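Here is a short briefing on helix packing and domain contacts. Start with the structure, then take the points by topic.

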Amino acid sequence: MKPFEQVVAEHGATVLRVCRAVLGPVDAEDAWSETFLAALKAYPDLDPDANVEAWLVTIAHRKAIDVRRAEARRAVPVDEVPDRPASRGDPGTWNGDLWSALKALPAKQRHTVAYHYLAGFTHQEVAGIVGGSEAAARRAAADGIATLRRTYASTTTDQGESR
Amino acid sequence: MNATSEPKAGDLFATLPAVDEEAQQRLHDRLVAAAEAEGVLDVAYRTIDTPVGTLLLAATDQGLVRVVYEREDHDKALQALAVKVSPRVLSAPGRLDGVAREIEEYFGGRRTAFDLPLDFRLARGFRLGVLAHLPEIAYGHTESYAQVAAATGHPNAVRAVGTACATNPLPVVVPCHRVVRSDGSFGGYVGGPDAKRTLLTLEAAA
């Protein structure tokens with residue numbers, strides 16, 4: 001079994017990218033931190049043949065669902081505001097136009113798009129992460145990316161052409 | 001895992017950095033702090049530059065568990081720690097500040113004995129007995145392999161003393177470099193002959 005430091009080095013960047021695409025700039029780093037802490041705890045019991053990145057993204061996926069549920073329940077403001085990078089939402093940066101477009105997708109589509117198109121998992125692996133059938137995962141990813149092409153890609157290509 | 005199965009789909013995410021070094025560093029620090037707070041950082045490590053090369057230092061909650069010369073291969077040593085101690089291994093320099101300070105003082109000639117909690121879990125039986133004896137050889141002094149064998153109650157185990165020194169998990173701190181041949185020549189060393197000469201010269205100068 002590899003030292004956990006190597007797991008962080010090999011998969012940390014991809015998991016952060018996925019967390020950002022799924023949760024946006026404000027919650028991504030909390031989700032990453034919770035994911036890797038949970039992974040560190042469970043790591044000694046992980047099947048040595050497991051796909052480590054799929055395992056990490058599965059944990060991150062559950063954290064993302066938890067974050068959204070907590071958000072939905074949260075009626076009163078938290079008394080401590082964590083130190084977070086400012087969400088400036090600059091146009092042309094990921095936390096601007098791209099996140100706006102991703103945020104507008106239904107959660108299932110946003111998740112499957114991130115896991116398949118961004119992290120490179122097969123539809124079968126994505127189904128393993130989000131639950132449900134491979135066909136449903138494939139459909140959600142296809143619908144999501146089609147919407148994203150329409151809502152986001154058009155804004156980026158228009159920028160160049162309109163000048 | 002495949003790359004994106006449709007052309008250009010991945011391009012949509014071009015503004016989302018593939019690697020964000022600053023964020024990764026911040027998140028790594030945060031992970032180390034959380035792991036320590038929850039008691040799940042089983043092996044913390046860092047490296048330190050010394051006159052005998054870059055040493056890898058690793059500690060458990062019991063104390064310093066491993067000092068590794070470059071020639072032993074740091075990556076292999078971390079891999080071995082993951083197998084023999086725990087795979088919960090993280091780079092956590094802060095946990096080894098005290099160790100690094102004492103080692104720096106030693107190489108600066110300002111320290112003649114180490115005062116550190118040590119974790120001897122990687123040594124067993126006779127070898128452990130040899131390692132327990134080594135700190136009794138004072139700074140600037142040497143003993144022969146035969147003398148160490150006699151001191152540990154096994155006068156015929158001269159070769160085994162050599163093996164115990166060669167497999168010392170805590171070189172420099174547990175001074176196997178102070179064990180030399182009966183004829184006065186240095187003999188082998190886990191850090192290589194040059195490192196042994198450097199340490200014995202340093203101690204002789206004091």
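The model is a predicted one.

**Domains of chain B**

- Contact between them involves 11 residues of domain 1 of chain B and 12 residues of domain 2 of chain B.

**The domain 1 side of the contact**

- Strand S3 (64-68) and helix H3 (97-107) of chain B each contribute at least two residues to the side of domain 1 that touches domain 2.
- S3(B) gives the largest share of that side, with 4 residues.
- By residue class, this side of domain 1 of chain B has 8 nonpolar and 3 charged residues, and no polar ones.

**Helix pair in chain A**

- Helix H1 (residues 4-42) of chain A packs against helix H2 (residues 52-73) of chain A at an angle of about 30 degrees.
- The axes of H1(A) and H2(A) are 9 Å apart.
- Angles under 35 degrees count as roughly parallel, so H1(A) is roughly parallel to H2(A).
- The crossing of H1(A) past H2(A) is right-handed.
- Residues in the contact of H1(A) with H2(A) comprise 16 nonpolar, 3 polar and 4 charged.

Definitions and conventions:
Residues numbered from 1 in each chain as written. Chains lettered and ligands numbered in written order. Predicted model: local features only at pLDDT ≥ 70, side-chain atom pairs only at ≥ 80, totals over all residues. Axes fitted to C-alpha atoms, helices over the stretch in contact; angles between N-to-C directions. Parallel < 35°, antiparallel > 145°, perpendicular 65-115°, else oblique. Left-handed = near helix turned anticlockwise from the far one by under 90°. Nonpolar A, V, L, I, M, F, W, Y, C, P; charged D, E, K, R; others polar. Contact = placed C-beta atoms within 7 Å.
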